[in-house]
Amino acid sequence: MSEAKKTSGQLDLQAVIALQEKRIFPDFEKNYDYYIVVALALALAAFQIWTAGFGVLFALKQRIIHVSLLGALCFFTRSALTRFDRGARKKVFFFDRIFAVLMLAGLVYLLWNYNDIQNRAGFPTRWDIAVGFVYTIMLLEMTRRAVGLALPIIAMCFLMYAYLGPYMPEIIGHRGYDIERIVAQMFLTTEGIFGVPAGVSATFIYMFILFGAFLEKSGGGIFFIKLAYALTGRMLGGPAKASVIASGLMGSISGSAVANTVTTGAFTIPLMKSVGFRPHFAGAVEASASSGGQLMPPIMGAAAFIMAVFTNIPYKFIIIAAAVPAVLYYFAIFMSIHFRARSRGLKAADAAELPSVIEVIKEGWHNLFSLVVLIVLLLMDITPLRAAYWGTITIIISCGLRKSTRMSLKSIYEALLLAARNTVTVCAACACAGIVVGVVTLTGIGLKFATLIEILSGGNIVLALIFTMISSLILGMGLPTSACYIVLAVLAAPVLTHLGFPVLASHLFIFYFGIISAITPPVALAAYAGSGIAGSNPFKTALTALALDLSAFIIPYWFIFNPGLLLDANWWGNIVAITIATVGVIALSATTMGFFLKPLNILERMLTAFVTFSLLMLTTEWRVIGLGLFVAFIIYQKLVIKRRGGIVVAESEL
């Protein structure tokens with residue numbers, strides 16, 4: 001490789017970093033609307049940071065202020081006609097200002113009449129219903145702008161279901177509720193808009209988004225990407241493997257598969273293409289890695305905090321249980337990349353083009369302090385809210401240890417704005433999903449949904465799991481992960497717990513499939529985002545991502561039948577479960593990539609597929625057969641390679 005090409009590659013790296021900064025902080029038109037946006041964002045930040053550090057308000061008050069301020073912010077920053085474009089200037093229309101005022105009017109009304117509303121609980125006035133009706137409409141519009149049409153349509157279907165209960169089929173019918181009762185449930189209680197999902201957004205989620213914003217503005221995001229490339233760049237298929245690590249780290253914080261794909265993909269996809277990976281494969285790797293970030297402890301996006309509340313299981317136990325499945329998810333992608341690189345005859349990247357691990361750590365070691373503080377506090381049973389608060393403080397302090405890395409007031413100010421902007425989507429999803437939860441609570445449809453799945457499955461556990469998986473994938477295709485999980489937690493999780501599966505395993509099962517829906521055709525949003533950067537065919541990219549992540553469809557079945565994968569068995573049971581799953585992941589990755597120690601023919605791929613599914617069986621006999629066949633297959637491949645005097649590379653179309 002020539003020096004000119006090396007230099008060009010390094011310049012491209014710097015250009016991509018600059019492009020990321022521009023995307024993260026688009027230019028605002030400096031008019032009075034801009035100053036209103038800044039005021040709302042800073043007011044929200046002041047409120048959230050104060051309550052995180054000195055104690056939250058009563059649940060309803062905390063959630064009212066959080067949702068209303070972000071609602072007003074949404075109407076100023078999200079276009080009324082199209083989804084928000086980060087790179088374009090925002091044009092605020094007159095009705096946008098009216099909508100923002102209506103959200104703030106709902107805030108003032110609820111806080112001003114808070115005591116009266118509590119005293120007359122169950123007997124709302126006409127003003128209560130009128131304000132609640134308008135506020136609910138504004139929330140649906142806020143969600144449409146921030147999330148898209150799918151979630152508001154689902155919420156409206158549930159509202160119609162609450163009203164039309166007597167006209168529904170007997171299996172899902174109920175006595176029905178009038179508009180006044182429905183609005184009161186949604187607006188005046190903590191069983192609707194201001195329910196548990198909004199409460200999680202108003203406490204844990206905002207502070208972790210703030211933590212991520214400060215990490216980005218302090219240079220932590222770029223540091224972790226550079227560190228990933230320094231660690232893996234010298235491996236076979238290094239840029240793709242580095243993409244997996246970088247996207248996993250950033251995806252855990254961002255909580256959005258699409259946003260993570262676009263942000264880190266601008267850097268990782270061109271580098272993967274530069275070492276010989278085809279565009280659709282590069283886009284697929286980034287989409288798969290970005291989607292799985294929400295499975296990766298210690299943060300796990302936003303939905304894990306909601307899971308802690310729904311299951312009443314301490315957050316630290318959730319991240320411990322999720323650790324092995326998350327590692328298996330990324331191990332599966334790693335093995336697919338490795339087999340793909342070997343099948344293409346690719347070589348490791350030139351060491352001269354890669355940053356040194358020591359130099360990267362020397363340059364950005366202070367970025368590690370905040371993550372250490374965060375993890376230690378979580379393991380000490382400090383609440384996630386306080387852990388994120390002190391983690392954010394640690395970022396500011398650790399960056400201040402050196403003059404060159406010290407955050408300026410401008411950087412802090414921009415991080416506060418970024419946190420508010422990034423919270424809009426999650427808040428809208430959580431508050432709107434609260435409507436679904438409220439209707440489920442009001443009508444009891446959750447129990448009826450469980451009964452329906454039991455009837456369709458005929459009591460067969462495997463069929464019930466498959467129906468639950470399909471429900472999770474379908475809902476996840478149109479919803480953000482947090483909203484998808486909330487809906488599934490009240491509808492599908494009770495099905496699995498009723499069948500006798502542990503609570504945490506049941507919730508992780510639906511959570512897993514809700515996440516990988518981002519790379520599941522036909523609505524594989526993360527894969528389509530990756531294809532846009534890679535310049536590849538979107539559907540081919542989605543199919544390749546599906547092949548890379550095929551193990552992700554198997555892992556939930558492994559851990560729901562094997563508590564050892566959730567570290568919930570004795571030490572021997574944990575080791576056996578992890579070993580079996582690891583071998584299964586390797587065999588399935590070899591099957592999908594068509595390569596193991598050498599290229600696989602059709603019979604050999606059938607054999608590795610059989611190994612995978614024999615390891616899925618619960619009986620010891622099947623597992624022994626699978627492990628025995630795998631060992632025999634390794635020996636056979638080595639003998640063939642030795643006889644042929646080497647490996648014949650065969651390109652795959654995957």
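Which residues make a nonpolar surface patch of about 810 Å²?

Entry 1: I am working from a predicted model. I looked up the nonpolar surface patch and found that F94, F95, I98, L102, F133, V134, I137, Y163 and I179 make it, over an area of about 810 Å². I then checked which elements give two or more residues to the patch, and these are α4 (94-112) and α6 (126-146). The largest share comes from α4, with four residues.

**Entry 2: α9 and α19.** Next I turned to helix packing. I noted that two packed helices are described by the angle between their axes and the distance between the axes. For helix α9 (residues 196-217) and helix α19 (residues 409-443), I read that the axes come within 8 Å and cross at roughly 150 degrees. Angles over 145 degrees count as roughly antiparallel, so α9 is roughly antiparallel to α19. I sorted the contact of α9 with α19 by class and got 18 nonpolar, five polar and two charged residues. I recorded the crossing of α9 and α19 as right-handed.

**Entry 3: α17 and α18.** Which way does α17 run against α18, roughly parallel or roughly antiparallel? I found that helix α17 (residues 367-379) packs with helix α18 (residues 384-399) at an angle of about 160 degrees, and that their axes are 8 Å apart. That angle makes α17 roughly antiparallel to α18. I recorded the crossing of α17 and α18 as right-handed.

Notes:
Residues are numbered from 1 along each chain as its sequence is written. This is a predicted model: local features need pLDDT of at least 70, side-chain atom pairs count only at pLDDT 80 or more; totals for chains, interfaces and linings use all residues. Side-chain values use heavy atoms; hydrogens and water are left out. Axes are lines fitted to C-alpha atoms, for helices over the stretch in contact, and angles run from 0 to 180 degrees between N-to-C directions. Angles under 35 degrees count as roughly parallel, over 145 as roughly antiparallel, 65 to 115 as roughly perpendicular and the rest as oblique. A crossing is left-handed if the near helix is turned anticlockwise from the far one by less than a right angle, and right-handed if clockwise. Ala, Val, Leu, Ile, Met, Phe, Trp, Tyr, Cys and Pro count as nonpolar, Asp, Glu, Lys and Arg as charged, and the others, Gly among them, as polar. Patches are made of residues with over 30% relative accessible area and no salt bridge: like charges are joined within 9 Å, nonpolar side chains (Val, Leu, Ile, Met, Phe, Trp, Tyr) within 5 Å. Accessible areas come from the Shrake-Rupley method with a 1.4 Å probe; for residues, only the protein chains shown count as cover. A salt bridge is a side-chain nitrogen of Lys or Arg within 4 Å of a carboxyl oxygen of Asp or Glu.
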